[in-house]
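Subject: Handing over a structure

Hi,

Here is the structure I promised to pass on. Have a look at it first, and then read my notes below.

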Amino acid sequence: MLLLQFSTSQYCRKARLALGYKKLSYQVENLTPGLHILKLKPKTGLSTVPVLLPQENGQPEIIADSTPILKYLETYRSEPSYIPANHQEKTQAWLLEDWLDESIGTATRFVYYHYRLGEGKAINPSFSSQLVINIVRWQYNINPASVKLAESRLENAMQVLSPWQTQPYLVGDNFSVADIASAALLSPLALIPHYYQTYPWLFQRIKEIHQICYEPLPPGLN
């Protein structure tokens, strides 16, 4: 399998966690932000990563977006499963995954890139890094007002995810897509002192999920 990705994207990390949990061999191709559109648009009609190419007879040619990739991998290799067998827990896990994917992952992106252009510039002050950060800020219209809203959403997210303080998994007694999405989409916050110091339990769980999925720890946790 081939995963087309941005190496720094938490949505691509989400796909890698799923691949690792399923113990599937794959290669990655890191695309250049901006120029990636030239490669992806003809293939998927979209301009977003991750994109998975199974490269196997009898399988789909291409799967775009992290959520369809997770659903595909569950059909490709059913064990070990990250979908709860219990119907109510299955519904809850996918609802959390969708909320994290559509709202909290975006909020994390806004807060993270705002931080990287200000207090966090020293993480990588190189011209190329700052150029990418500015492109992302322009692309998603990241500004003080949108960052303030994102910060509010993240504070609410910490309340929703608070069961992680006392239990290893978010839904029931088993690992699920909710854990994968949380560990991936919130991982950039490890580089922001406010979050790392205020929510140590969150980053402990993120570490554990990465270990379960055989994925290297994200920056700030390695």
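From the N terminus on, the elements run β-α-β-α-β-β-α-α-α-α-α-α-α. That makes nine helices and four strands in the protein chain, where helices (H or I, at least four residues) and strands (E, at least two) are DSSP runs, numbered from the N terminus. The radius of gyration is 17 Å, close to the 17 Å that the globule rule gives for 222 residues, so the chain is as compact as a globular protein of that length. (That radius is taken over C-alpha atoms, and the rule is 2.2 Å times the number of residues to the power 0.38.) Along the principal axes, the C-alpha atoms fill a box of roughly 45 × 45 × 30 Å.

Two notes before you dig in. This is a predicted model, so to speak of local features we need pLDDT of at least 70, and side-chain atom pairs count only at pLDDT 80 or more, while totals for chains, interfaces and linings use all residues. Residues are numbered from 1 along each chain as its sequence is written, and side-chain values use heavy atoms, with hydrogens and water left out.

Now the overall numbers. Of the 222 residues, 48% count as buried; here buried means under 20% relative accessible area, exposed over 50%, and partly exposed in between (1.4 Å probe, protein chains only). Among contacts (heavy atoms within 4.5 Å) with a separation of 6 or more, 66% are between residues 24 or more positions apart.

On to the salt bridges, meaning a side-chain nitrogen of Lys or Arg within 4 Å of a carboxyl oxygen of Asp or Glu. A search of the whole structure finds six.

Helix α9 (residues 200-212) holds a local pair: Glu208 and Arg205 lie three residues apart, about one turn of the helix. Their side chains meet at 2.9 Å, N to O. Glu208 is partly exposed at 23% relative accessibility, whereas Arg205 counts as buried at 14%. There is also a network of salt bridges linking Arg13, Arg16 and Glu215.

Finally, the backbone. Most residues other than glycine have a negative phi, and most peptide bonds are trans. Here are some exceptions to look up:

- Val49 and Pro50 are joined by a cis peptide bond, with omega about 10 degrees; Pro50 sits in the loop between α2 (36-44) and β3 (51-53).
- The bond from Glu79 to Pro80 is cis too, with omega near -5 degrees, and Pro80 is in the loop between α3 (66-76) and α4.
- Asp65, in the loop between β4 (63-64) and α3, has a positive phi near 90 degrees and is partly exposed at 29%.
- Asn141 has a positive phi of about 55 degrees; its loop runs between α5 (127-139) and α6 (144-160), and Asn141 is exposed at 54%.

Cheers
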